[in-house]
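Me: I'm new to this structure and would like to learn how to read it. Could you walk me through a few features, one at a time?

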Amino acid sequence: MDAQADPKRIERVMLACVQCRSRHVKCDSNQPVCNRCRRDGKECIYQKSRRGGLSKEALARRRLRLQQEAEQKSKELSSTDEGSLHTTPMSSAQGDDIIHGESLSIPSLRDLHLHDRGPSLSGTLSFQINDDRLLELYYEYFWSAFPFVLPQQFLLARKTLENHGMGELSLVLEWIGSMYASWCPSDPYYQAALEAVSSPDIPRTPFNVQAVLLFAIAQHHQGMQQTSRKTLDLAILIALELDMHKRDFARLWGEGNPMLEEAWRRTWYMLAISDQHFAIVMNTPIYQLADMPSDVYMPCDDEYYLTGQIPTPATYQEMQNREFADLEVVYSSIAYLYDICRTVAHVMRQFASAPRFSKELIDTVDTKIAVWHSQLPAAKRDPLRIDGTVDEIMFIAHMIGAVVPMTMHRPLSSLVFNKAELSTTSFAPPAPFTIPASVSRNQHTARVLRVLEIHTKLLAIPCVMEKHSVFSMCISAQIATAQISACNNLLEDHALSIARDRVKLSIGFLSAMGSIWAMGKAVAKDVRAVARSTLQAPETTTVDYDPSAEIEIPRDELIWPINPSTDVDIYSGIVMPMDWEHANSGYACSNLVYAADPKFWPRQS
């Protein structure tokens, strides 16, 4: 049966010039010049359609295919009872099954857009979605953690050009934005983006390096790890074919525009960082760009990128020699993130040749991380900016600076691994590679406890948690399981209560990320399982007490607690990313006294 359009639906003008759209005023859509621009004496430009940047021939083929599918469905519906037909959009994260076939229940992008709407088939769920709103959601929730795509105002301005070259990129941005829209099924956008980036004829352009890189990151954290690795390899292949790792690339492809040159520099560094992260999560110390020589200039800070005032770029060599400069130079957050990732690369190279954490390697990495912290300017030590916003790049940089020493020190500490933790499937815990030595166990334990402090401070920053980098999910899971081990093997009294709250904070963060990302949901489930297996209060049982069966065992021989009177300065060389001198560490129990706040001191009777 033919369904008629809803007569109560409000008709909206979907065509508006750039001037009226940017001022959020009504446009009468008169062409070539609308009445408002004619009245105000402004240049009137109508934005080119952003339906994926397809050619006219490709659009014609798609319309023909959709028309044929609609006619076929109409014939099937005519011979079937109307009440027996139901279609339900798929959820935003379906794993690798999304790639291996198409479901007739998934509406196409043609069905989702108001300006393409026609009479719909009976039983088909209809949506009215504004792509501009999806783009806004991308910039609101995702851009700050991966700020290499042009800022929103510059991207919209470029789209007014006839050959903007961002067709594939636009589809990927809309797919990511649709994940943050609860009212929008993301699967049609995923299918459109997949079709664009997986085409064998995809143009070799830096915009498409951005598109494929973002698509790989989103794929990976929607539960498609193996497929995302292949997608990322494609982004790396295109980048290397274009010589993006060379300094002259930004100038040659920048079209004389400093904003484009800065975007290409940012894209290269975020590509290298993403390649390393994928390797770590997939538990391999080898990745393509580990030893790739590059002389690309360092990116500028976001405040310049957002305004378009791009300063003269610096080299990474200049940044490495910054301690010898007379004046302190503040580099970009991406530069500091890349710098800490070079330390991670050093660990991975050493581990690839000898798969164990030797004392020499641990001491070397501790020194590198201490130097990284000590050379951070005041503006970068706290991810929370003065205006109340969060520097998401520095947030993940501090996360990496915390998880690296924890990965090396925990196997040698008192925070032992339990069976549930070693059985996780969504993330790989730092499994013990050596047998702990009792001589230095206290020092290793203290360093892991300090990492737990840093992690709590980062998660406690007041902000929208869903805006944090998706790279932080596996990091938080590893640190949360170390916190659970501390609850089981080390802490008691008030310290245990505080530590349990910290575990809840970590699970809350992962659950918030899991509301958007399939990996976050799986990681939160695993961490809850580890906590439930060890922290859940057991049922009380009554046993007969036999005094003769008592055996006195010193507590130190059981859990090796920290000895506060030790002569070794276990915190030497460590610089905290925040003002930790005025922050209460929170641990205060009968065996551990870390509280610096007088309110935790015992009262005098």
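Me: How do helix α5 and helix α6 pack, at what angle and with their axes how far apart?

Reply: Two packed helices are described by the angle between their axes and the distance between the axes. Here, helix α5 (residues 131-141) and helix α6 (residues 152-159) pack at about 145°, and their axes are 11 Å apart. Axes are lines fitted to C-alpha atoms, for helices over the stretch in contact, and angles run from 0 to 180 degrees between N-to-C directions. Helices (H or I, at least four residues) and strands (E, at least two) are DSSP runs, numbered from the N terminus. This is a predicted model: local features need pLDDT of at least 70, side-chain atom pairs count only at pLDDT 80 or more, and totals for chains, interfaces and linings use all residues. Residues are numbered from 1 along each chain as its sequence is written, and side-chain values use heavy atoms, leaving out hydrogens and water.

Me: Which residues of α5 and α6 meet?

Reply: From α5 come L135, E136 and Y139, and they meet Q152, L155, L156 and K159 of α6. Contact means heavy atoms within 4.5 Å.

Me: Is H277 buried or exposed?

Reply: Buried means under 20% relative accessible area, exposed over 50%, and partly exposed in between (1.4 Å probe, protein chains only). H277 has 11% relative accessibility, so it counts as buried. H277 lies in helix α12 (residues 258-281) and touches H221 and F471, not counting residues up to four places away in sequence.

Me: What is the phi of E255, and where is E255 found?

Reply: Most residues other than glycine have a negative phi. E255 is not a glycine, yet its phi is positive, about 55°. E255 is found in the loop between α11 (248-252) and α12, and it is exposed, with a relative accessible area of 56%.

Me: What about the phi of D493?

Reply: D493, also a residue other than glycine, has a positive phi near 60°. D493 is found in helix α22 (residues 493-514).
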